Amino acid sequence: MIPADTIAAARNKSIVDVALALGAAEAVKIDERGVPCPLCGGRDRFSIDKAKNVFLCRPSGTGGDPIALVQHVHGMSFHEAIELLTGEKALPAAKRAPRNDQQDNQYREKARLRAWKIWQDGAPIEPARHGHWVHDYFSLRAIPFPAWRIKALRELSQLPYWHRRNGEFVVIHSGPAMLAAITGPDGRFIGVHRTWLDLGRANGKAVIADPDTGEVLDSKKVEGSQRGGKIVLREGEPGGGCVLGEGIETELSWATLHPSLAAKAALWVGVNIGNIAGKAAEQIPHPSMVVADKLGRKRRQKVGGHEPDLSDAHCLQIPADDFERLILLGDSDSDRFTTQAAMLRARKRFELAGHSAEIDWAPDGQDFNDALRDMAARPQARAVA
């Protein structure tokens with residue numbers, strides 16, 4: 001029997017360090033950026049979650065902690081993987097299978113078609129067209145229901161939430177959801193963003209927990225692709241520029257807080273900060289966050305820096321001819337150093353493409369919906385012009 005402390009030592013290894021040692025590309029250090037799998041290749045099928053210290057290989061459906069990663073790459077037993085992780089020998093890199101672009105493209109198209117089916121099942125959100133879930137969700141978030149029709153949003157009264165359990169994907173929750181269509185650079189549908197709702201909660205979002213661990217899972221998920229995509233909440237008018245933020249609630253909250261600036265602007269959602277900012281040309285040390293290496297030594301964690309990697313063609317691209325002016329929305333409710341580096345990178349990338357770009361930050365410790373809800377709680381407050 002393997003001692004519990006030995007198993008814990010193997011499981012607590014940094015998933016980033018293990019992935020790199022096994023041959024993963026350096027870009028795996030950046031959250032939500034897929035890279036070729038150390039075992040089966042591909043283009044961006046392999047990703048890690050640094051906060052949870054886990055990995056996922058999408059086509060194979062394999063995922064888990066550092067022990068599971070070594071087993072996945074080298075086909076080892078649980079015992080052998082632990083010995084390798086806790087031993088003195090360096091982890092051997094994988095003998096990666098040849099990249100199969102055709103297989104990767106087939107996987108992407110299947111995911112897109114699954115997303116399209118979900119989107120097609122959606123219903124209109126407008127109360128005049130018998131919608132109510134999104135309307136009531138916005139009300140809980142103090143967001144006035146838009147006066148224009150948002151073609152990119154739909155709703156479902158029952159949407160299954162699939163989760164990997166004991167090696168298989170099973171439904172662990174089903175409930176109402178807001179759907180958002182993600183379109184690529186050519187305007188083609190590439191994925192659907194889903195937000196599961198619970199209107200009995202103050203923020204309107206469902207709490208969905210892993211049935212085995214009790215871990216609270218993300219109530220927002222994407223089916224299909226989000227790379228280089230956006231959710232268009234409003235097309236805008238000539239000369240109105242474009243306002244670009246991470247989330248639907250952020251975008252609509254900002255528009256409510258800044259009615260004159262938002263009056264003619266296009267309102268785009270970039271889905272996540274990695275898609276907006278793109279890859280970084282270099283990694284920079286975080287001033288306070290630390291990680292432990294294989295020997296247990298602590299070092300400063302590195303995050304994406306201010307300079308964009310201009311070779312990254314898979315993040316959101318906005319031709320300068322589309323909008324002269326961009327306003328990038330910065331949330332202040334997460335780690336400021338990491339978020340600021342990403343937003344500065346985004347601004348520089350768009351400026352190099354010919355845009356006039358600026359960053360509008362939410363108040364410290366808040367996102368724009370927090371600010372809107374604070375304002376709504378003070379009836380005497382007026383929106384900032």
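How many of the six residues of β16 are buried? Five are, and the strand is mostly covered. Buried here means under 20% relative accessible area, with exposed over 50% and partly exposed in between (1.4 Å probe, protein chains only).

1. **Basis.** This is a predicted model: local features need pLDDT of at least 70, side-chain atom pairs count only at pLDDT 80 or more, and totals for chains, interfaces and linings use all residues. Residues are numbered from 1 along each chain as its sequence is written, and side-chain values use heavy atoms, leaving out hydrogens and water. Helices (H or I, at least four residues) and strands (E, at least two) are DSSP runs, numbered from the N terminus.

2. **Neighbours of β16.** Strand β12 (residues 242-245) runs parallel to β16, joined by three bridges. Two strands pair if DSSP finds at least two bridges between them. Leu244 stands opposite Leu328 in β16. β17 also runs parallel to β16, over six bridges. There, Leu326 has Ala357 of β17 as its bridge partner. From β16 the chain passes through helix α10 (residues 336-352) to β17, a right-handed β-α-β crossover. Right-handed means that, with the strands pointing away from the viewer, the path from the first strand over the helix to the second runs clockwise.

3. **Helix α11.** In this helix (residues 368-376), Phe368, Asn369, Ala371, Leu372 and Met375 are buried. They lie on the same side of α11 because they cover an arc of only 155° around the axis. The arc is that of the directions from the helix axis to the C-beta atoms. Their cover includes α7 (248-257), β16 (325-330) and β17 (356-361).

4. **Sheet β1-β2-β3-β4.** These four strands form an open sheet in that order, with antiparallel pairing. β1 (35-37) and β4 (62-64) stand at the edges with a single partner strand each, so one side of each has no neighbour in the sheet. Four bridges pair β2 (residues 41-49) with β3 (residues 54-57). Phe46 stands opposite Cys57 in β3.

5. **Sheet β5-β6-β7-β10.** This is an open sheet of four strands in that order, again with antiparallel pairing. β5 (153-165) and β10 (220-224) are at the edges; each has a single partner strand, so one side of each is left without a neighbour in the sheet. Seven bridges join β6 (residues 168-183) to β7 (residues 189-196). Ala180 stands opposite His193 in β7.

Definitions and conventions
Contact means heavy atoms within 4.5 Å.
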